[in-house]
Amino acid sequence: EEIQYMLEQKFSSIAGSSKINPYSFFTTKVNSLETVTLNKKNDLKIDDHIVICGVIPDMRLLILPLRNKSLKKIIPIIIIHNDIIPVKIWQDINTFPKIYVVQGNPALPSDLNACYISKASACIILNASKEMDKGSFMYDADTIHIYQSIKNLNANIKIATEIASLSSLNFLSNNKSNAIQKYGFRCSELFASGEIYMSSLLDTLICQVRMLV
């Protein structure tokens with residue numbers, strides 16, 4: 001909630017508006033969901049793109065920085081989701097160029113291949129178990145399954161995702177070093193490279209920033 005608030009403040013001039021400042025962001029005409037939905041028969045020439053697994057209500061705030069003109073280049077984005085993207089969410093992002101959609105399971109190799117995952121440069125895994133108690137052992141189950149499926153198809157891809165339990169690192173990391181057990185998750189290669197983070201850590205960072213301000 002704190003992160004959402006900060007993003008909303010940063011983009012307050014455009015949040016909730018159907019129009020976006022054309023001088024700051026890459027935009028195009030309204031794209032229909034049908035025209036940008038990919039299937040296994042598509043022959044889209046795409047690489048070095050970003051794959052987003054799942055959707056969140058504030059999808060607009062996630063994509064806005066990826067469409068800022070300061071990046072100089074439009075990086076294609078493919079969103080893979082089990083269900084049809086809700087109308088409200090699509091209306092918030094349907095003016096951004098080079099946004100594609102795959103309706104499928106991001107844990108299945110066949111559906112990941114429809115996203116050209118082997119050619120993707122990065123992937124964001126959105127935790128799909130928000131309705132489940134974070135103390136539950138199964139909270140990170142879907143994330144772990146998706147992470148492993150993606151790495152099996154593209155070992156070099158950069159992944160960013162959130163985990164709720166430190167024990168999940170045992171399923172994500174190939175490094176069984178005793179240093180992790182002794183010094184904590186901050187010694188893992190996944191945390192050091194920025195591939196995983198924990199919400200509790202973000203809360204700590206926000207508090208530190210407020211103290212500096």
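Which residues of the largest nonpolar core touch the most other members? In this predicted model, that core holds 25 residues, and the ones that touch the most other members are V51, C53, I78, C123, I125 and I150.

**Nonpolar cores**

The largest share comes from α6, which supplies four residues. I150, one of the residues that touch the most other members of the core, is in contact with C53, L112, I117, C123, I125, I157 and I159 once its neighbours within four places in sequence are left aside. Among these contacts of I150 are C53, C123 and I125, which themselves belong to the group that touches the most other members. Apart from this core lies another one, of 23 residues, which includes I50, L66, I77 and V101.

**The salt bridge**

The model has a count of one salt bridge, and it joins the side chains of K88 and D92, with a distance of 2.9 Å from N to O. Side chains of opposite charge can pair when their charged atoms come close. The two residues stand four apart in helix α4 (residues 87-93), so that about one helical turn separates K88 from D92.

**Positive phi values in loops**

K98, a residue other than glycine, has a positive phi, near 60 degrees, and is found in the loop between α4 and β4. Y116 is likewise a residue other than glycine with a positive phi, in this case near 55 degrees, and its place is the loop between α5 (109-113) and β5. As for accessibility, K98 is partly exposed, with a relative accessible area of 42%, while Y116 counts as buried at 14%.

The relative accessible areas of the residues discussed in the last two sections are set out below.

| Residue | Relative accessible area | Class |
|---|---|---|
| K98 | 42% | partly exposed |
| Y116 | 14% | buried |

Definitions and conventions
Residues are numbered from 1 along each chain as its sequence is written. This is a predicted model: local features need pLDDT of at least 70, side-chain atom pairs count only at pLDDT 80 or more; totals for chains, interfaces and linings use all residues. Side-chain values use heavy atoms; hydrogens and water are left out. A salt bridge is a side-chain nitrogen of Lys or Arg within 4 Å of a carboxyl oxygen of Asp or Glu. A nonpolar core is a set of buried Ala, Val, Leu, Ile, Met, Phe, Trp, Tyr and Cys residues joined through side-chain atoms within 4.5 Å. Buried means under 20% relative accessible area, exposed over 50%, partly exposed in between (1.4 Å probe, protein chains only). Contact means heavy atoms within 4.5 Å.
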